[in-house]
Amino acid sequence: AVKPASKNLKDDGRGASSAFRRACVVAVPHEAPAQSFSCPISLLFGNYTTCASTETSTVTPNNTRSTTGCLSTGGAPFNRAQCNYTAGTLPVPFQFSVTATQYKITNTTGSQMTVDSFSCRFQTSATITGACTQTVTPFFAIIDIGARMTVNNPQASGSYSGTFTVNTNIP
């Protein structure tokens with residue numbers, strides 16, 4: 001005599017056996033949410049009144065601004081850059097860097113200023129401040145980026161813009 005397959009399984013009152021439900025749960029694939037990376041806030045130095053010597057202005061990852069010598073700041077806003085990383089369901093190693101030592105920003109007439117000395121603050125479960133090259137394994141990270149800008153003497157007036165490269169390696 002052939003025994004019915006359901007005879008070895010106990011019905012738990014929900015229309016299927018516990019053993020069958022466990023087998024289905026194991027068989028269902030699980031997809032982790034995708035990782036994401038974005039830089040929604042740009043580095044902004046503000047405006048300045050130049051003076052008789054070449055000076056620098058620094059915007060820090062903590063979003064403060066300082067100048068050297070006779071360089072004075074104007075009323076325009078300034079801001080550190082900010083990037084955001086989300087790992088999804090599980091934390092995975094995430095590599096981040098600003099690798100070039102300097103970048104140029106340019107106005108419409110071709111005058112340039114140098115942006116260098118990048119520094120970063122990684123806000124994860126612990127805050128790491130310093131070099132802009134880090135490997136972290138967080139669920140999320142907020143990366144604040146600051147830098148130094150050199151204002152030459154003479155420096156042409158105008159609105160200056162440029163880009164710097166943020167490298168990421170997200171497995």
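The legends below describe close-up views of salt bridges and disulfides in a predicted model. Local features need pLDDT of at least 70 and side-chain atom pairs count only at pLDDT 80 or more, while totals for chains, interfaces and linings use all residues. Residues are numbered from 1 along each chain as its sequence is written, and side-chain values use heavy atoms, with hydrogens and water left out.

**View A. Salt bridges join R80, R121 and D144 into one network.** A salt bridge is taken as a side-chain nitrogen of Lys or Arg within 4 Å of a carboxyl oxygen of Asp or Glu, and three are counted by this rule. D144 pairs with R80 at 3.3 Å, N to O; because D144 belongs to strand β12 (residues 140-151) and R80 to the loop between β5 (72-73) and β6 (81-86), this contact ties together parts 64 residues apart in sequence. Strands are DSSP runs of E of at least two residues, helices runs of H or I of at least four, numbered from the N terminus. D144 also meets R121 at 2.5 Å, N to O, a pairing that links strand β12 with strand β9 across 23 residues. D144, at 0% relative accessibility, is buried, as is R80 at 14% (buried means under 20% relative accessible area, exposed over 50%, partly exposed in between, with a 1.4 Å probe and protein chains only).

**View B. A salt bridge connects R148 and D116.** The closest N and O atoms are 3.0 Å apart, and the pair links R148 in strand β12 to D116 in strand β9 (residues 112-123), 32 residues away. R148 is partly exposed at 29%, whereas D116 is buried at 12%.

**View C. A disulfide joins C39 to C83.** C39 is partly exposed at 38%, but C83 is buried at 1%.

**View D. C51 and C70 form a disulfide.** Their sulfur atoms lie 2.0 Å apart, and with 80 degrees about the S-S bond the link is right-handed. C51 is buried at 17%, while C70 is partly exposed at 40%.

**View E. A disulfide joins C120 to C132.** The S to S distance is 2.0 Å. Because C120 lies in strand β9 and C132 in the loop between β10 (127-130) and β11 (133-136), the bond ties together parts 12 residues apart in sequence. Both C120 and C132 are buried.

Note on methods: A disulfide is a pair of cysteine sulfur atoms within 2.5 Å.
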